[in-house]
Amino acid sequence: MTRRTDQLKLGAFLANSGHHVAAWRHPLAQADASLDFEHFKHIAQTAERGKFDALFIADVVALWGHHHDALSRTARAEHFEPLTLMSALAAVTHKIGLIATATTTYNEPYHIARKFASLDHLSKGRAAWNLVTSVVSDEAWNFGREHHVDHGDRYQRAEEFHDVVKGLWDSWDDDAFTRDKASGEYFDPTKLHTLNHRGEHFSVRGPLNVARPPQGHPVLVQAGASEPGKQLAARVAELIFAHAHHQQDAQVFYQDIKARAAALGRNPDHVKILPGVTPFIADTREQAQALFKEFQALIDPVLGLRLLADTLGDDIDLSGHDLDGPLPDTPVGQRGSRRDKVLELARTENLSIRQLYLRLAGGNPVIGTAEDVADHFETWFQARACDGFNVFFPYFPGAIDVFVDQVIPLLQARGLFRQEYEGTTLRENLGLPRPDNRFTGERA
């Protein structure tokens, strides 16, 4: 396989005290980080110092489930609204992209188009929208619904939602606002376009009351792994956050998405795929393993069992079972592939209940020295299992400092990562084209 001539793309995941579910309890983490802007400012500026492509914030518009006893053992009950935080971080950074999550299930297209166009202007072209369909059913209760929207219906709505938002971003030609004091013309009316969308889910007249974003359209991000999710990602996403524990699985996903995008008439190089990875870094591999075990030991069993139930389903009653004993007999093929894979993992490796929930909580860790992490990144990248990584730092603030000071220089020395930003917008730094205005093209 020929060596790649492009370079890695890197996202930095923002998560309060850290990505590890028990990070807030560790001495290295800041327990009260959730609403501390200076904390997030440091992370953002450190990531920019490391030439990361973008910051990324996940979001759920509800508490994490209604199991408050388990929730009370995490730092996930409070967090900033993503667009609000990203707008503040836009003022204290200059080049790094700003990826905020917003659901298409419990929002309206005009709201989302306006907010992300505003963020793109505030940041001078660094905004990106992580389009999600709301996986947490509890969100329904906060928006006047007794039941969550069905999976298939959510994706149908998301398809149309996306199309409306992009149409609204094209409400104005790039040069529509003349602001000519002498003539008294603030904008050229011939360069204003009304969408007049009528579809199955939405009726949106437009136009948007914000000028066309500096990037034309903020970058579109998606992370769906189901069949409808992959098809939506292949059609609309420019950056895809993926989940893969093994290189071979990542290669299959990578090839599948690229092929789908090409079949839809898109340039596969304009679809960047970034699997998530959590680096635990120390001076030696033994010290890194010890650090990982310290975090794992902080997971309360109540929380661990909740993590397990979120995957296996509440119909599997683990109360009364020995945590260090095996899972009770559970048939596969009931709730979907993720559950089946976890059950198969427990069987093949003879894992106890405790070992299984610790495995789930550990995520996708890379444990070792800075050199080991750089080797992992290079191996996956050259094997075409990814175009880069979405880096989940296990604890904040120190983990990102270690990564920027130790791993980034190794990647740069190998020619795998940039020395300086290529441009001023997120599109330029990701190597993505600026989209034309659909109305301008139609008129031409």
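A nonpolar core is a set of buried Ala, Val, Leu, Ile, Met, Phe, Trp, Tyr and Cys residues joined through side-chain atoms within 4.5 Å, where buried means under 20% relative accessible area with a 1.4 Å probe and protein chains only. The model is predicted, so that local features need pLDDT of at least 70 and side-chain atom pairs count only at pLDDT 80 or more, while totals for chains, interfaces and linings use all residues. Residues are numbered from 1 along each chain as its sequence is written, and side-chain values use heavy atoms, with hydrogens and water left out.

**Exercise 1.** Determine which residues have the most contacts inside the largest nonpolar core.

*Solution.* The largest nonpolar core holds 78 residues, and those with the most contacts inside it are Leu10, Phe52, Leu55, Trp129, Phe377 and Phe403. Taking Trp129 next, and leaving aside residues up to four places away in sequence, its contacts (heavy atoms within 4.5 Å) include Phe116, Phe161, Trp169 and Val221. A second, separate core of 20 residues includes Ala22, Leu308, Leu323 and Tyr357.

**Exercise 2.** Describe how helix α9 packs against helix α11.

*Solution.* Begin with the geometry: α9 (residues 301-312) and α11 (residues 353-362) pack at an angle of about 75°, with their axes 9 Å apart. This makes α9 roughly perpendicular to α11, a term for angles of 65 to 115 degrees. Turning to the residues that meet, α9 contributes Pro301, Gly304, Leu305, Leu307, Leu308 and Thr311, and α11 contributes Ile353, Arg354, Leu356, Tyr357, Leu360 and Ala361. Finally, sorting the residues of this contact gives 9 nonpolar, 2 polar and 1 charged.

Technical notes: Axes are lines fitted to C-alpha atoms, for helices over the stretch in contact, and angles run from 0 to 180 degrees between N-to-C directions. Helices (H or I, at least four residues) and strands (E, at least two) are DSSP runs, numbered from the N terminus. Angles under 35 degrees count as roughly parallel, over 145 as roughly antiparallel, 65 to 115 as roughly perpendicular and the rest as oblique. Ala, Val, Leu, Ile, Met, Phe, Trp, Tyr, Cys and Pro count as nonpolar, Asp, Glu, Lys and Arg as charged, and the others, Gly among them, as polar. Buried means under 20% relative accessible area, exposed over 50%, partly exposed in between (1.4 Å probe, protein chains only).
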